[in-house]
Amino acid sequence: LARSVEDAAVVLKAIAGHDPRDSSSSGRPVADYRAELDAPLGNLRVAALRGYFWDPIDPEVARIVEDSFAVIRGFGAEVVDIELPHADRFPAMQNTVLPAEASAYHLKWMQDRPGDYSPMIFERLVQGAAVRAVDLVNAERARRLTQSTVEEFMRSFDVLITPTVPYTAALLGQPMVRLGSVEIEASAARTRNLFPFNALGLPAMSIPCGFDSRGLPAGLQIVGRAFEDSTVLQVGHAYQMSTDWHRRIPPEPA
């Protein structure tokens with residue numbers, strides 16, 4: 001978390017790079033992300049992802065994010081409305097891979113300190129422990145197939161943009177949220193647009209793009225090709241140079 005894209009670039013420079021204790025970390029050279037923030041964007045081609053990433057969504061958030069798309073068009077980018085191929089696979093992948101991995105990570109604490117978890121989170125972890133091996137293997141196969149498809153899709157675009165979360169914030173302890181005419185579990189909706197890019201291994205960032213009538217902030221998600229973090233940061237920085245949402249004090253609720 002950072003106050004600005006520039007701050008995020010400084011942090012990323014410090015934490016990126018190969019970790020000898022992590023065999024999965026990349027050995028690629030790390031760019032000077034801060035120095036590259038003001039690099040010319042050129043003929044930027046942007047995919048504004050529709051479909052899965054907009055259905056369902058709170059109408060206020062939809063309006064705020066649409067306005068942010070207009071800002072990006074305003075600094076010379078070509079923004080194309082399009083749907084991500086095979087996005088229909090994401091819910092099944094999220095409901096299989098995510099809980100299974102979480103349960104594997106938390107298993108010892110679930111056994112030794114079950115009372116430290118809220119009932120809802122503990123129930124989810126228990127469900128994750130029950131995921132069948134065959135379902136997990138099939139979900140991982142679907143993830144790899146989707147990865148290849150999206151990699152091909154992104155050859156036509158420099159970045160993808162979506163709403164970060166389809167609502168602004170739920171009340172503390174509120175289990176469900178209403179998004180238009182649909183009621184959905186708050187925690188599921190909160191990660192719905194984030195999980196795909198974690199699963200696909202793509203760099204993504206969220207930046208403030210406006211406030212709803214309660215004075216709560218909405219976010220714009222910017223996603224790049226694998227290892228093209230600099231482009232994501234450059235687009236986010238250009239957006240923040242064109243707006244002041246990241247510096248504004250939230251308005252009083254209407």
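Q: Where is H86 found?
A: H86 sits in the loop between β2 (78–82) and α3 (90–112). Helices (H or I, at least four residues) and strands (E, at least two) are DSSP runs, numbered from the N terminus. The model is predicted: local features need pLDDT of at least 70, side-chain atom pairs count only at pLDDT 80 or more, and totals for chains, interfaces and linings use all residues. Residues are numbered from 1 along each chain as its sequence is written, and side-chain values use heavy atoms, with hydrogens and water left out.

Q: What is the phi of H86?
A: Most residues other than glycine have a negative phi, and most peptide bonds are trans. H86 has a positive phi, near 60°. F227 also has a positive value, near 70°. F227 belongs to the loop between β7 (217–224) and α8.

Q: Which residues does a cis peptide bond join?
A: The bond joins D55 and P56, with omega at about 10°. P56 lies in the loop between β1 and α2.

Q: Which residues touch the most other members of the largest nonpolar core?
A: In soluble globular proteins, nonpolar side chains tend to be buried together. A nonpolar core is a set of buried Ala, Val, Leu, Ile, Met, Phe, Trp, Tyr and Cys residues joined through side-chain atoms within 4.5 Å. Here the largest core has 49 residues, and L84, L160, I161, L220 and I222 touch the most other members. Helix α2 (residues 59–74) gives this core its largest share, six residues. Another core, of seven residues, lies apart from it and includes Y167, V177, A186 and A189.

Q: With which residues is L220 in contact, leaving aside neighbours within four places in sequence?
A: Among them are V65, S68, F69, I72, I161, M205 and Y239.

Q: How many aromatic pairs does a search of the whole structure find?
A: Rings of Phe, Tyr and Trp (its six-membered ring) pair if their centres lie within 6.5 Å; planes under 30 degrees apart count as stacked, over 60 as edge-to-face and the rest as tilted. The search finds eight pairs. F211 and W245 have ring centres 5.9 Å apart and planes at 65°, so they are edge-to-face. F211 is in strand β6 (residues 204–211), while W245 is in the segment after α8 (229–242), 34 residues apart. F211 is buried, at 16%, and W245 is partly exposed, at 23%.

Q: What lies over the face of W245?
A: A charge sits over a ring if NZ of Lys or CZ of Arg is within 6 Å of the ring centre and within 35 degrees of the ring normal. R248 lies over W245, 3.9 Å from the ring centre. R192 lies over the face of Y52, at 3.9 Å from the ring centre. Y52 forms one aromatic cluster with F53, F90 and F197.

Key
Buried means under 20% relative accessible area, exposed over 50%, partly exposed in between (1.4 Å probe, protein chains only). Contact means heavy atoms within 4.5 Å.
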